[in-house]
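Please read the following report alongside the sequence and the coordinates.

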Amino acid sequence: MAGHEEADNAEAIITRIEHKSRKIESLLKQYKPVEALKTALEGSPPKTRDERCKSANWIVVHRAIMAIKDVDGMFSSLDPEYYDILMKYLYRGLSTGDRPTCDQCLRIHEKLTERAGLGCILRSLADTVNTV
Amino acid sequence: MLLLFSTSDLIHCSAAPLINNFTLFCLIAFCPNNNEVHIYRLLEEKWERIHILQKHDQIVSGIDWSVRSNRIVTVSHDRNSYVWNQEAAEWVPTLVILRLNRAALCVRWSPRENKFAVGSGAKTVCICYYEQENNWWVSKLIRKRHDSSVTSVAWHPNNILLATTSTDGKCRVFSTFIKGVDTRDSGTGPGSDSKFGEQIVQLDLSFCWAFGVKWSPSGSTLAYVGHNSMIYFVDEVGPSPSAQNVAFRDLPLRDVLFVSERMVIGVGFDCNPMVFAADERGLWSFIRFLGQRKTSSSSVKYGSQFSEAFGKLYGQSKHGISNDTVEPSRPCGGIHENCINCIVPLKKTGDSRMTSFSTSGLDGKVVIWDLENQEDLLEYL
């Protein structure tokens, strides 16, 4: 029964992510990459163990991260509450080994560390329960 | 502001200094990362080794010195504990069999000094008390409550409640009521009528290792730290606790100390004590580093502050040493050059406020800090 509920829950999360994805595409069309990134990071499903949900959300976040051109400009309008979750996704990006993704993640990582400090890195690495 | 004591080989250290304001009589006990405990005395501006406590077979992992009864308890990786009593000029050990199958990691005397708690790698906590009729220290275990090693223990001022942190990320509060040792009226508040080993509350705030737990002087607030650069403050410890999580931008902490109800000093991997304080609404936040991180332009200023403190405590002869400690090239910018893993309050006779404490770290240094001339922090004392 518990497994069944988990599956239902996962379906609901996937639907939400699909909805989010459409919203992000429209935000990107309006040249609002930071809004798109915020939307992607909001409601990220770290608590679920379902890898499908995590992957689906990563695709959405990845789309938003790659659309960021002006990293300094992004940080001037990104609130600190997003820093920890963004750091987790940057490490997920770095783990893909994909050249353009890693380039972009490293560029953002440098600026994010300047702003959020080493504590932010520690929080993303030390938390082995709420992975993205 | 601070004074420096350094030995070349001291790595792990637990200090329990006693300072008497009038005579500047200061004792300090530490373990130089081996099976011995060294006791030093400050006499005429010089540190002098007066005792070596040698009984353990392996590294001593915890030391605590009870102030009123003048007893030292030590625990070690050899899974045993000794209570040391001073008889004439000698420290005489009494073996306490903890009944552990893993190393003991930390030890604390209870506020009334009639019990002590030992955290261990065996996922258990030992509560030890003295049995008069048998002339023997008995160890009672709290088993099957922790999922991993117990890294730190802290006594509530009521002598009954014990808080523990563990590498399973949880902070737990237990009752340690022992018939014949404690009386029912000795405690008030949550858990005062509970049995030995009963878990009062389990706090699941951290998702990684938890270290360093302490109660505030009144016992109304609990603080502990996680390895994720977070510090947690918990009020109303009981059935419905309220918690505040404070994330900070620097490296994680290892130990904390309540200086007052409203101020906490945290020490850890950043090599520099951090000050946290609560505002009027009770909201905790990071205030600043205690030994300011300096830029080269400000080093002169701090140098003079250090000298001033030294002059006050030890006469002007120590100027040279104090200036050595503020070279701008130091990587961490503070007095300690490596992780600080221990912070102990200094008990001055006849002073109700706690204004000084000592820290020790993996760099082999013991540093004494005084808050008296940190004017911006005095409002929190």
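Which residue just after H2(A) takes a positive phi? A:Gly43 does, with a phi of about 65 degrees. This is a predicted model, in which local features need pLDDT of at least 70 and side-chain atom pairs count only at pLDDT 80 or more, whereas totals for chains, interfaces and linings use all residues. Residues are numbered from 1 along each chain as its sequence is written, chains are lettered from A and ligands numbered from 1 in the order in which they are written, and side-chain values use heavy atoms, with hydrogens and water left out.

**Chain A**

Chain A has six helices and zero strands, where helices (H or I, at least four residues) and strands (E, at least two) are DSSP runs numbered from the N terminus. Along the sequence the pattern reads α-α-α-α-α-α. Of its 132 residues, 48% count as buried, a term that stands for under 20% relative accessible area, with exposed meaning over 50% and partly exposed lying in between (1.4 Å probe, protein chains only). Among contacts in chain A with a separation of 6 or more, 71% come from residues 24 or more positions apart, a contact being heavy atoms within 4.5 Å.

Helix H2 (residues 33–41) of chain A is mostly covered, since seven of its nine residues are buried; these are A:Val34, A:Ala36, A:Leu37, A:Lys38, A:Thr39, A:Ala40 and A:Leu41.

| Helix pair | Crossing angle | Axis separation |
|---|---|---|
| H3(A) and H6(A) | about 70 degrees | 10 Å apart |
| H5(A) and H6(A) | roughly 135 degrees | within 8 Å |

Angles under 35 degrees count as roughly parallel, over 145 as roughly antiparallel, 65 to 115 as roughly perpendicular and the rest as oblique. Helix H3 (residues 51–66) and helix H6 (residues 99–126) of chain A pack at about 70 degrees, which makes H3(A) roughly perpendicular to H6(A). In this contact A:Trp58, A:His62, A:Ile65 and A:Met66 in H3(A) meet A:Pro100, A:Thr101, A:Gln104 and A:Ile108 in H6(A). The residues of the contact of H3(A) with H6(A) divide into five nonpolar, three polar and no charged, where Ala, Val, Leu, Ile, Met, Phe, Trp, Tyr, Cys and Pro count as nonpolar, Asp, Glu, Lys and Arg as charged, and the others, Gly among them, as polar.

The axes of helix H5 (residues 83–96) of chain A and H6(A) cross at roughly 135 degrees, which makes H5(A) oblique to H6(A). The residues of the contact of H5(A) with H6(A) divide into 15 nonpolar, six polar and four charged.

**Chain B**

Four strands of chain B form an open sheet in the order S22-S23-S24-S25, with antiparallel pairing, two strands being paired if DSSP finds at least two bridges between them. Strand S22 (253–260) and strand S25 (284–289) of chain B stand at the edges, each with a single partner strand, so one side of each is left without a neighbour in the sheet. The twist averages 25 degrees from one strand to the next. Strand S23 (residues 263–268) of chain B is joined by four bridges to strand S24 (residues 274–278) of chain B, and B:Gly266 stands opposite B:Met274 in S24(B).

Elsewhere in chain B, B:Thr165 lies in strand S15 (residues 161–166). B:Thr165 counts as buried because its relative accessibility is 0%. Leaving aside neighbours within four places in sequence, the contacts of B:Thr165 include B:Ser149, B:Cys171, B:Phe211 and B:Tyr224.

Terms used: Axes are lines fitted to C-alpha atoms, for helices over the stretch in contact, and angles run from 0 to 180 degrees between N-to-C directions.
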